[in-house]
Amino acid sequence: MISGPLSKVLDKPSRDKLEVLGNQNVIDQLDVFVKLCKPAKVTVLDESPEDVTYIRELSLKKGEEIALKMEGHTIHFDGYYDLARDKGSTKVLTPPGMSLSKEINTIAREEGLKEILGLMDSAMKGKEMLVKFYSLGPTNSRFSLCAMQVTDSCYVAHSEDLLYRQGYEQFKRLKGDKDFFTFLHSAGELDEKNVTKNYGNRRIYIDVTDGKVYSINNQYAGNSVGLKKLALRLAIYKANHEDWLSEHMLLMGVHPPGKKRITYFAGAYPSACGKTSTAMIPGQSIVGDDIAYLKKDDEGYCRGVNIEQGIFGIIQDVNLIDDPLIYKSLTTPRELIFSNVLISDDVPYWLGMGRSDIPDKGLNFSGEWCKGKKDKDGNEIPFAHGNARYTMRLSELENVDPRYNDPQGVIVEGIFYGGRDSDTNVPIAEALSWEHGVYVGATLESETTTATIGKTGIRKQDPMANIDFVVVPLATYLTNHLKFGKKLGHKPRIYATNYFLRYEGSYTNTKLDKKIWVLWAEGRVKGEYDAIKTPIGMIPQYKDLKQLFKTVFNRDYREEEYIQQFSIRMTKYLEKIARMEELYKYEPNMPKEFWEILKQQKRELQELKVRTGLDTLPPISFIN
Ligand code: SPV
Ligand code: MN
């Protein structure tokens, strides 16, 4: 029954769509939102091509996006102070008795609701409220989760049309049930450039116990697009109260050269640590580059799906040499949103794109820009932002995996955990067991980048690359991982990767070398390579890497390179262990397996150090 405030702002087509959907919970929620946000009009959209086109065109009409020269390409600018995820303003609403790890910001639920609902009051006055329905994960699958997005931002709705599967039909399958997530977003008051004015009142409040997120006074997708990191948090809460995993992970098919098989891997990397470029390694196939759900199937395999169908990727350093496939997609006609790059004569320019003819002026995230322009602190504003992005459908890529939409998911046989680490971890090492793999994920660290607001280059702990999103106590989350693995008859092997190891200031490998580490892991999963056991895990033998480098790149991989990369930096690993002790000692109820593995690794490394009197040991010392 549609009555109340909602019925006054609905036109006939929107009313019909809600009626056909047949979900009173949806109607009741919208009624509350309309009363609160007071939009001039509510437009309900289904998954018809007309409704998808409506959003795309409205975004241009309202100026939230501007058309570029290349067909289908548009640009959207977030505000100067809204260019990355804002961790400080993102809080979990905690009811009495709920406590989370200290890494997660919380606010008492009642107090938080009062604040956010206060900010939402009349936020859409004079505006159009858009109501969209999506499916997280493929539709018609045991993985599908329904999600309703309510927003006044066409850019948000357009981004979601590119990034997620339409779910109006999936919502019908709920048959009126309440089992869906809800995201209420308002960009708030906009200035003449269509940028959020009151960014100081930016708030993203996660109501985990009610399956809702409220987000206001922002536009950057990591803050505004409900189905992305906001849904990841709700899904982590759900997964940890059920028996599956919701992870900040890529999914990819690995194709060993000269062999017919495809082996699927998942991979967790903190923001800007090579996740998308791993999923896009030439010769492999991409299932997803950001968020995956993992569940056990009836045969005991780990199955994974990409909850998305698109990429919201960092554009910096996408060039013909390092990311040829994406570069090609960004420079040919297709439906594509650029954000926070430089626009000159309706052509986009970004950092590290490999062009020497970057214009001296144009439009960028600071407004009208010319070379030498300074911010209010006197710092020079670069022509494009380091966290500038592109948004497009996966189907636009020639390397999309044929099973990226498979409702069964793919069988995950390996998992990568990779941080940005200049001085400790080897490029790749295999965990000794599932439990050791959970330890490897739990001890993931990364040096910060521009993907979140704050200083860059600082080492941060980032368990499973998920620290920003783990809205249950860390110990609960890790215990759930351990339990998940125990139930699997066929456990994925787990690998620690590091593409950022330096020696005397320079990277020890090229950007393309990650292909070799990934192919080595695939060969290990299939039992093709022996490996060297060290206290931190199994590392590759020189001869196997040498052969892989030769076959794949026709390059002679020198033994000096191998020794530089795969020596075990015992002192550095011990320093890392000390940081982990510090992080986890405040965490109540940590699984005992975690401390056992940590202590054993510490003991072995200390003994080795004492016995050899060295800080670092070459791989050969571990061969008996
Ligand atoms: C990340 O930062 O991990 C991203 C981009 O994938 S965001 O949408 O901002 O989360
Ligand atoms: Mn991400």
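**Ground rules**

I worked from a predicted model in which local features need pLDDT of at least 70 and side-chain atom pairs count only at pLDDT 80 or more, while totals for chains, interfaces and linings use all residues. Residues are numbered from 1 along each chain as its sequence is written, chains are lettered from A and ligands numbered from 1 in the order in which they are written, and side-chain values use heavy atoms, with hydrogens and water left out.

**Entry 1: the manganese ion**

I looked up what holds the manganese ion (ligand 2). Its protein donors are K229 (NZ), H248 (NE2) and D290 (OD), at 2.1 to 2.4 Å. Donors here are N, O and S atoms within 2.8 Å of the metal (3.2 Å for Na, K and Ca); water is not among the atoms, so sites may look incomplete. Along the chain the donors follow the spacing K-x18-H-x41-D. H248 and D290 link distant parts of the chain, 42 residues apart. H248 sits in the loop between strand 12 (245-247) and strand 13 (249-254). D290 sits in the loop between strand 15 (285-288) and strand 16 (292-296). I took helices (H or I, at least four residues) and strands (E, at least two) as DSSP runs, numbered from the N terminus.

The scale is: buried under 20% relative accessible area, exposed over 50%, partly exposed in between (1.4 Å probe, protein chains only).

**Entry 2: ligand 1**

Next I listed what surrounds ligand 1. The residues are R85, Y220, G222, K228, K229, H248, S271, D290, F312 and R389. A residue counts as near if one of its heavy atoms lies within 4 Å. The metal donors K229, H248 and D290 are in that list.

I then checked polar contacts (N or O pairs within 3.5 Å; within protein, one atom must be able to donate a hydrogen and the other to accept it, and residues adjacent in sequence count only if both atoms are side-chain atoms). The side chain of Y220 has an N or O atom 2.6 Å from an oxygen of ligand 1. For the side chain of K229 the distance is 2.7 Å. For H248 I noted 3.1 Å, again to an oxygen of ligand 1.

Five strands make an open sheet, ordered 2-3-19-24-18, with mixed pairing. Strands pair if DSSP finds at least two bridges between them. The edges are strand 2 (66-67) and strand 18 (310-314), each pairing on one side only. Helix 6 (residues 154-163) packs on this sheet. It touches strand 3, strand 18, strand 19 (336-339) and strand 24 (389-393), and its direction makes about 50 degrees with that of strand 24. Contact means heavy atoms within 4.5 Å. Axes are lines fitted to C-alpha atoms, for helices over the stretch in contact, and angles run from 0 to 180 degrees between N-to-C directions.

Strand 2 and strand 3 (residues 73-76) are antiparallel, over 2 bridges. A67 stands opposite T74.

T276 is in helix 10 (residues 275-279) and is buried, at 19%. Leaving out residues up to four places away in sequence, T276 touches D289, I311, I326 and Y390.

R334 lies in the loop between helix 11 (324-330) and strand 19. R334 is buried too, at 16%. Its side chain makes a polar contact of 2.6 Å with that of T332. Beyond four places in sequence, its contacts include E71, H73 and M392.

**Entry 3: the hairpin**

Strand 22 and strand 23 form a hairpin with 2 residues between them. They run antiparallel, joined by 4 bridges. L363 faces E368 across the pair.

**Entry 4: positive phi**

A465 has a positive phi of about 55 degrees and is buried, at 2%. N589 has a positive phi of about 60 degrees, but is exposed, at 69%. N589 lies in the loop between helix 17 (570-584) and helix 18 (592-612).
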